[in-house]
Amino acid sequence: MKPTQQTTIFYPSPVTLIMLLFILLISPKVLSAQPASNNGEVLSIKSMLDSKEKSQQSLQPDEYDVPQDKYERGQPRSAMAGYLRAMRAGDLALATHYLDYRNLSEKTLSVGKEELARQLAVVLNRTLWVDLNSISARKEGRKNDNLPSYRELVGQVDYQGNTVDILLQRIPRATDKVRIWKISNATVEKIPRLFKRYSYSPLGEFLAKKLPSIDLFGVMLWQWLYFTLMILIYYLIAKVFTWLTAFSIKRVYHKVSEDVLRFIKEPIALLIAVIFARSFSDEANVTIAVRAVTEGSTLLIIAWSWVCFRFIDLMKIILAEKFIAQEKPLAVYLLRPAGTVIKIIIFSIASLNWLENLGFNASTLLAGLGIGGLAIALAAQKTIENIIGAITLYTSAPVKIGDFCRFGNSFGVVEEIGLRSTRIRTLERTVIYVANAKFIDMNIENYAEREKIVFRPKIFLAPSTSKENIESLLVAIRAMFNSTDMIAASPLRSHFKAYTIYGLELDILAYVKTTDFDVYLDEINQLNLNILALLNEHDCKVQVMAERVAE
């Protein structure tokens, strides 16, 4: 069998190898960043959600004598939570009620109260994930933290190699001198310097001020738009790069397949774009929440999965053409289920990796699915046996699609070898579905594998037939076989075999040189007519059952 189309040729050009090597080297580096919260733990989407849920549940005061305050500043935790809520809502006027502006320098006050509140939020977003559960809910604050009794530590921010404490301070309320909690004026005094170090880029500042204060997983709306735009820009750059690479390969290797070029220009382009976006993003606009979201590597995992899936499809095309060229068409049928199984494995690994990146324990999920998986495995035992049977039928190939065979006590033509069963069309034109696991255990006789078809008529002569007539008949039959072009020269038999209860048995054997059963029937039709004529010519009477029974 010859291939019906030009064989796909994949040349691993130096440019392609360098590109793939670069991708493999840079991907682990892109995944290495680990954002942390203010308690030093690795921050993930799951930890962010858990922290938010726990903080919402624990905002009720632990003591009944917590001072009543319009802005819930009677305890450190609720005061910090109030400030964060105000900033998420974009209400700068409300946020100013949570900062202590007493005893500040003229230079700091000249920034403006609302701007100081906004700048502090930018610094916290860039450097510190505030875990409200780590802040005391007592009205006096935490007493064993090596700080003055009127101060509470929120977290620490790195600044020029040193750490700056973000503090809450218990101060008298202006109206009635009741002691409440606000962000310490010592911290407020340092906000302009911290903001100069951790401010957004000019474009980020513009978008942050102009767009609504809406967030998802802690990432602001303007950040989603900004990084989406960066992805699109990097994708266009990657498309140009991969298009030039594909064009260069096409110019050097003219026989390269279009499937290979599409593989380079589509999934490889997306993968390069995602890696570029993660590697060269503007750090000035990256916050703790952005790092936690990107740590999920959602786009990167999707890109790698797409690359793997398309590579599997590409290899199926290449291997299919190779098997056809080698006259192994049955092996082609294995490529589809094999590719599906590999894709399922890749999808499972990618999903587990994604869940791990989000902060979920994949091993716990697998353990939870253990009992259910065992039940599914037991239920799928027959299915697995049939799949293994299909693989056995494809590899050992006792029958092929289109072959006429005998299986058990039935005959038919194999129409399809599926993953579960084999479909066979019988001589009565009905269809039999046989489970693969059962089919491979049957005695299978493949008539399509014959290189020639036997002709073996059963002839019994009457006992009264003379010796001379039998000898002349056998010689004539042998001569007739030798003169027929469709009869193989060997083996060839024409003998008086035995005395039986049916009569004098002749042993006649010849092979018709054809595998087409219709041609065979036409040929033996003529052979039988010739033998009948020879029987009459040599006066040899055929013994029939009715005569024997009557005798």
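Val 542 counts as partly exposed, because its relative accessibility is 34%. Buried would be under 20% relative accessible area, exposed over 50%, and partly exposed is in between, with a 1.4 Å probe and protein chains only.

A word on the source. This is a predicted model, where local features need pLDDT of at least 70, side-chain atom pairs count only at pLDDT 80 or more, and totals for chains, interfaces and linings use all residues. Residues are numbered from 1 along each chain as its sequence is written, and side-chain values use heavy atoms, with hydrogens and water left out.

Back to Val 542. Where does Val 542 lie? In the loop between α20 (517-537) and α21 (545-550). Helices here are DSSP runs of H or I, at least four residues; strands are runs of E, at least two; both are numbered from the N terminus. Leaving aside residues up to four places away in sequence, Val 542 touches Phe 460, Leu 461, Ala 462 and Leu 535. Contact means heavy atoms within 4.5 Å. Leu 504 is 38 residues apart from Val 542 along the chain, and their C-alpha atoms are separated by 9.0 Å.

Next, the sheet. Three strands form an open sheet, ordered β1-β2-β3, with antiparallel pairing. Two strands pair if DSSP finds at least two bridges between them. β1 (151-159) and β3 (179-183) are at the edges with a single partner strand each, so one side of each has no neighbour in the sheet.

Take β1 and strand β2 (residues 162-172). Eight bridges pair them in the antiparallel sense. Val 157 has Val 164 in β2 as its bridge partner. Tyr 159 stands opposite Asn 162 in β2. The β1 and β2 hairpin has two residues between the strands, and Gln 160 in the turn has a positive phi of about 50 degrees.

On to β2 and β3. Five bridges join them, antiparallel. Leu 168 stands opposite Ile 183 in β3. Their hairpin has six residues between the strands, and Lys 177 in the turn has a positive phi of about 65 degrees.

Last, a helix pair. How do helix α9 (residues 221-252) and helix α11 (residues 267-279) pack? At an angle of about 135 degrees, axes 8 Å apart. Axes are lines fitted to C-alpha atoms, for helices over the stretch in contact, and angles run from 0 to 180 degrees between N-to-C directions. That makes α9 oblique to α11. Under 35 degrees is roughly parallel, over 145 roughly antiparallel, 65 to 115 roughly perpendicular, and the rest oblique.
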